[in-house]
Amino acid sequence: MQNRHLWIALTLAVGIVPAQAETIQVTIDRLVFSPATVEAKVGDTIEWVNKDVFAHTATVKGGWEVMIPPKKSASLTLKTAGPVDYFCRLHPNMKGRLVVAP
């Protein structure tokens with residue numbers, strides 16, 4: 001009977017372990033964010049990998065901005081839940097969306 005209780009306790013403990021934060025890559029190539037829409041969770045990190053020969057930004061109007069140098073990468077850890085639309089301030093036709101779950 002004691003082993004059964006231990007098994008139940010271990011099963012419950014495993015069920016409450018928080019999910020590991022992930023790093024999600026968004027590639028920038030030929031003036032396009034790919035994928036254009038990313039589903040993530042609070043605590044995840046978005047890493048933009050710029051394959052273009054010029055700089056880009058990931059900019060949220062009235063919010064944050066990440067500068068991504070040419071042929072380099074830059075990242076941001078997500079701190080709040082909700083949908084976030086972003087664009088490149090230097091190339092406003094470049095658009096992306098983050099859907100951030102709690």
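Thr57 lies in strand β5, which spans residues 56-59. Helices and strands are DSSP runs numbered from the N terminus, with at least four residues (H or I) for a helix and at least two (E) for a strand. The model is predicted: local features need pLDDT of at least 70 and side-chain atom pairs count only at pLDDT 80 or more, whereas totals for chains, interfaces and linings use all residues. Residues are numbered from 1 along each chain as its sequence is written, and side-chain values use heavy atoms, with hydrogens and water left out.

Thr57 counts as buried because its relative accessibility is 0%; buried means under 20% relative accessible area, exposed over 50%, and partly exposed in between, with a 1.4 Å probe and protein chains only. Two polar contacts of its side chain were computed. A polar contact is a pair of N or O atoms within 3.5 Å; within protein, one must be able to donate a hydrogen and the other to accept it, and residues adjacent in sequence count only if both atoms are side-chain atoms. The side chain of Thr57 meets the side chain of Thr59 at 2.7 Å, and the side chain of Thr57 also reaches the backbone nitrogen of Arg89 at 2.7 Å. With neighbours within four places in sequence left aside, the residues in contact with Thr57 (heavy atoms within 4.5 Å) include Phe33, Glu65, Val66, Phe87 and Arg89.

Asn50 belongs to strand β4 and is buried, because its relative accessible area is 2%. A polar atom of the Asn50 side chain lies 2.8 Å from the backbone nitrogen of Asp52, and one lies 3.1 Å from the backbone oxygen of Pro69. Beyond four places in sequence, Asn50 is in contact with Ile28, Ala55, His56, Ile68, Pro69, Pro70, Lys71 and Lys72.

**Salt bridges**

A salt bridge is a side-chain nitrogen of Lys or Arg within 4 Å of a carboxyl oxygen of Asp or Glu. By this rule the count is three.

| Glu22 | Lys41 | 3.9 Å |

The side chains of Glu22 and Lys41 meet in a salt bridge. This pair links distant parts of the chain, 19 residues apart: Glu22 is in the loop between α1 (2-15) and β1, and Lys41 is in strand β3 (residues 37-41). Glu22 counts as partly exposed at 43% relative accessibility, as does Lys41 at 32%.

Glu65 is partly exposed, with a relative accessible area of 38%, and Arg89 counts as partly exposed at 43%. Both residues are also among the contacts of Thr57.

Arg97 counts as partly exposed at 31% relative accessibility.

Two strands pair if DSSP finds at least two bridges between them. Strand β1 and strand β4 (residues 45-50) run parallel and are joined by six bridges; the bridge partner of Gln25 in β4 is Glu47. Strand β4 also pairs with strand β7 (residues 73-77), in the antiparallel sense and over five bridges. In that pairing, Ile46 stands opposite Leu76 in β7.

Ala40 is found in strand β3 and counts as buried at 5% relative accessibility. Its C-alpha atom is separated by 7.9 Å from that of Ile24, 16 residues apart along the chain. Not counting residues up to four places away in sequence, Ala40 touches Ile24, Ile46, Leu78, Val99, Val100 and Ala101.

**A nonpolar surface patch**

Leu31, Val53 and Phe54 form a nonpolar patch on the surface, with about 270 Å² of accessible area together. Patches are made of residues with over 30% relative accessible area and no salt bridge, like charges being joined within 9 Å and nonpolar side chains (Val, Leu, Ile, Met, Phe, Trp, Tyr) within 5 Å. Accessible areas come from the Shrake-Rupley method with a 1.4 Å probe; for residues, only the protein chains shown count as cover. Leu31 is in the loop between β1 (23-28) and β2 (33-34) and is partly exposed, with a relative accessible area of 39%.
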